[in-house]
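The sequence and structure are shown first.

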Amino acid sequence: MAFTSNVIQRKFIIKSIFNKIMDSQCTNNLFRLCSARLSSFSEAYSSAMSGNKTKLNMYQAITSAIDNSMSTDPTAVVFGEDVAFGGVFRCSVGLQEKYGKDRVFNTPLCEQGIAGFAIGMAAAGATAIAEIQFADYIFPAFDQIVNEAAKYRYRSGNMFDCGRLTIRAPCGAVGHGALYHSQSPEAYFSHTPGLKIVVTSGAINAKGLLSACIEDKDPCLFLEPKALYRSSIEEVPTDHFVLPLGKAQIVIPGNDLTLIGWGTQIHVLKEVAAMAKKQFQVNCEVIDLLTILPWDQETVCNSVKKTGRVIISHEAPLTSGFGAELAATIQEACFLHLEAPVQRVTGFDTPFPHVYEPFYLPTKWRCLQAVQEIIKY
Amino acid sequence: PWTDKLQLMRPEDQSMIPMYRVLDKNGRILNSSQDPLVEPEKYLKMYKCMLMLNTMDKIMYDAQRQGRISFYMTNYGEEATLASAAVLADTDLIYGQYREAGVLLYRGFELHQFMDQCYGNCDDKGLGRQMPIHYGSRKLNFVTLSSPLATQMPQAVGSAYALKRAKNGNCVIVYFGEGAASEGDAHAAFNFAATLECPVIFFCRNNGYAISTPSSEQYRGDGIAGRAEGYGIAAIRVDGNDVLAVYNGTKAARQYAVKENKPVIIEAMTYRVGHHSTSDDSSAYRPVEEVQQWEQDSPIARFRLYLEAQGWWNSQAQQEFLTSAKKQVLEEFSKSEKKLKPEWQEMFNDVYYEMPDHLAKQMKYMENHVKLYKDKYPVKDFKTTI
């Protein structure tokens, strides 16, 4: 009896704190709050899907987003290493012929220069779409991105900003990329207030989210899992459209267990959900986080409150991976709803290896084992 | 060209870039063809800005010693840098490092704006978020300073590229010290500016020291201007204590940058007479005599000799201006000191264009906490809307 009343009392306290927070969100008109303005992901998605569509793979969808932006914004430029001939992953094919050498151009081979140059273009009012050839090589630009881009608006009291900046970079495992063609660096950047970080997981959301990043008033880091460039083929809306940043997508609805991931891992989790249903009669809800920063706490926590169980899965190493942030927030916001400890199935705390890749990745089998364990808990 | 002669290209065999000067140490023009023939009003504006900067530096430095502001950096010995601002168009974009307050002053940044920033009070356009001397002004096209060295250099190049595309006849000038020029970002900036043909003036203040590190431990080549050739960039080395040399050098550089859409490096040789900052005691690493020697050849003194010889300035004008400058600075200083800080909630604003939910929650949490623990926080020093 005593235990139950204690639980009820705690639930009451949590609810009242939550209400207090919600009540007071619009008290100060000095501050621009974005909570009420964003549409839900599914609304934006269905409205975008209602028009004409073309079958595209992910790199073509990315080219299409950039093409749309460049055609309507004469200040928009695309640059990076080897983008002029179309890019090493074909993402800028045909753009230089269409828009000219002053709008689509190669830079010297220097990532800190690319990021700094991009910030300067954006600060001068132009739309800068910069490419880092592999996310593994973004670290030379870490200082420009973390100390400069992310803090530009804040430190100047909003006199200057580089919001018109988007940095694109291929990320994630590719089968044989080893240490420097496989990394998923999103967690490093997620510790940086002022940045927006997106990881796409397919052709449709690549186009909608990249367009949103290009138009967004904050500097965005757009990570493209290179394994999906050719493999994700979808009916992509032909015209320009945007999907909301900061919103997760419920890819598969379910009631028993929440699976959270992003990038290529979403496709692994979709398979896991199918296997879990078949083998254990467990209905998994699969959530594609899409935006790492600021992430969609509402969608995630609503799901976990409903299912009571959650597995988070990402390719990046476990320790201080973004899964840790999700896990901590979930246990704080959903403590009374959790029926089992939050589980993380991730890459190991090693560099990303060459021949051991099949043993390194958080495979569907490792995820399936986690499902088995969490439902038995 | 080919050669069958095996020969190392030794640096000591290369000729050094000469230092361009217009005035000798007595303030006389060495070669009348180099007289910039600037109207006296403009000369006097430059000179008065130098004196005002010097006056402000003295008072603000003392204020830091008294604990009234947390930090300060003086411009002693490098006041002639501001002559570069006199040849720029108002719409040219400026990126600085931190020792270019004179450029801002010449552009029209007001005394109270310097002090409001150093105090981080409610009239600081930067909203008190950065350390003192991290100035910026949208109105004056002076990009807000940041502490990480040389990061502004590739940014200036990107801005110059955007200005070139906008075809408005503007250029970008970016200031940096010889120490900052050792950063990777300096290399990136030089190379990008050259290959992407950007109208940008790289203005290096070579003052002999990066904090305690003398330039002999910073590089072994022919200074910073000596690097230009390797990047395919035009360059000039000027006497940084000679106002007229800085003026002419920057004027030629601007004409070249805007007309050719190409970068140019100006290396102004000068000497950092003051300590690096209020957190530094430079007597720990350099002889006092060296400093005294440079104080003899201050850019202000040399320019004054020139102006007096022309009959445009005299001791009486000097005395009157200094008395009035000191009075103005002290008045503005005491006004800025009395102002409240901004609302403390400004800590949460402008991280993003719009405040995300998680940040709004953190702000709300802190509001509730401060209500409960009001007496534990300096609330009375801050503005409030409640």
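Lys196(A) forms a salt bridge with Asp216(A), with the closest N and O atoms 3.1 Å apart; a salt bridge is here a side-chain nitrogen of Lys or Arg within 4 Å of a carboxyl oxygen of Asp or Glu. Because Lys196(A) lies in strand β6 (residues 196–199) of chain A and Asp216(A) in the loop between α9 (203–215) and β7 (220–225) of chain A, the pair ties together parts that are 20 residues apart in sequence. Helices (H or I, at least four residues) and strands (E, at least two) are DSSP runs, numbered from the N terminus. Both Lys196(A) and Asp216(A) are buried, where buried means under 20% relative accessible area, exposed over 50%, and partly exposed in between (1.4 Å probe, protein chains only).

The model is predicted: local features need pLDDT of at least 70, side-chain atom pairs count only at pLDDT 80 or more, and totals for chains, interfaces and linings use all residues. Residues are numbered from 1 along each chain as its sequence is written, chains are lettered from A and ligands numbered from 1 in the order in which they are written, and side-chain values use heavy atoms, with hydrogens and water left out.

**Salt bridges**

Lys196(A) also meets Asp218(A) in a salt bridge, at 3.2 Å from N to O. This pair links distant parts of the chain, with Lys196(A) in strand β6 of chain A and Asp218(A) in the loop between α9 and β7 of chain A, 22 residues apart. Asp218(A) is buried, as is Lys196(A). A network of salt bridges links Arg153(A), Asp161(A), Lys196(A), Asp216(A) and Asp218(A). Over all chains, the structure holds 35 salt bridges.

In chain B, Lys327(B) forms a salt bridge with Glu331(B). Because these residues are 4 residues apart in helix α10 (residues 315–338) of chain B, Lys327(B) and Glu331(B) are separated by about one helical turn. Lys327(B) is exposed, with a relative accessible area of 55%, whereas Glu331(B), at 40% relative accessibility, counts as partly exposed.

| Salt bridge | N to O separation |
|---|---|
| Lys196(A) and Asp216(A) | 3.1 Å |
| Lys196(A) and Asp218(A) | 3.2 Å |
| Arg165(B) and Asp102(A) | 2.8 Å |
| Lys327(B) and Glu331(B) | 3.6 Å |

**Contact between the chains**

The size of an interface is often given as the accessible area lost when the parts come together. About 4,900 Å² is buried between chain B and chain A, and carbon and sulfur atoms give 60% of this area; buried area is the accessible area (1.4 Å probe) that two parts lose on being put together, summed over both. In chain B, the residues that lose the most area to chain A are Phe192(B), Tyr352(B) and Tyr353(B), together 15% of what that side buries. The contact (heavy atoms within 4.5 Å) takes 51 residues from chain B and 58 residues from chain A.

Which side chains meet in a salt bridge at 2.8 Å, N to O? They are those of Arg165(B) and Asp102(A), and the rule finds 1 salt bridge across the interface of chain B and chain A. It also finds 20 residue pairs in polar contact across this interface, both residues being at pLDDT 80 or more. A polar contact is a pair of N or O atoms within 3.5 Å; within protein, one must be able to donate a hydrogen and the other to accept it, and residues adjacent in sequence count only if both atoms are side-chain atoms. On the side of chain B that touches chain A, α4 (152–166), α5 (184–195) and α11 (357–372) of chain B each supply at least two residues. The largest share of that side, 8 residues, comes from α4(B).

**Nonpolar cores**

The largest nonpolar core has 99 residues, and those with the most contacts inside it are Phe79(A), Phe117(A), Ile330(A), Val200(B) and Phe202(B). Such a core is a set of buried Ala, Val, Leu, Ile, Met, Phe, Trp, Tyr and Cys residues joined through side-chain atoms within 4.5 Å. Helix α5 (residues 111–123) of chain A gives the largest share of this core, 8 residues. Apart from it lies another core, of 70 residues, among them Ile69(B), Leu145(B), Ala268(B) and Trp313(B).
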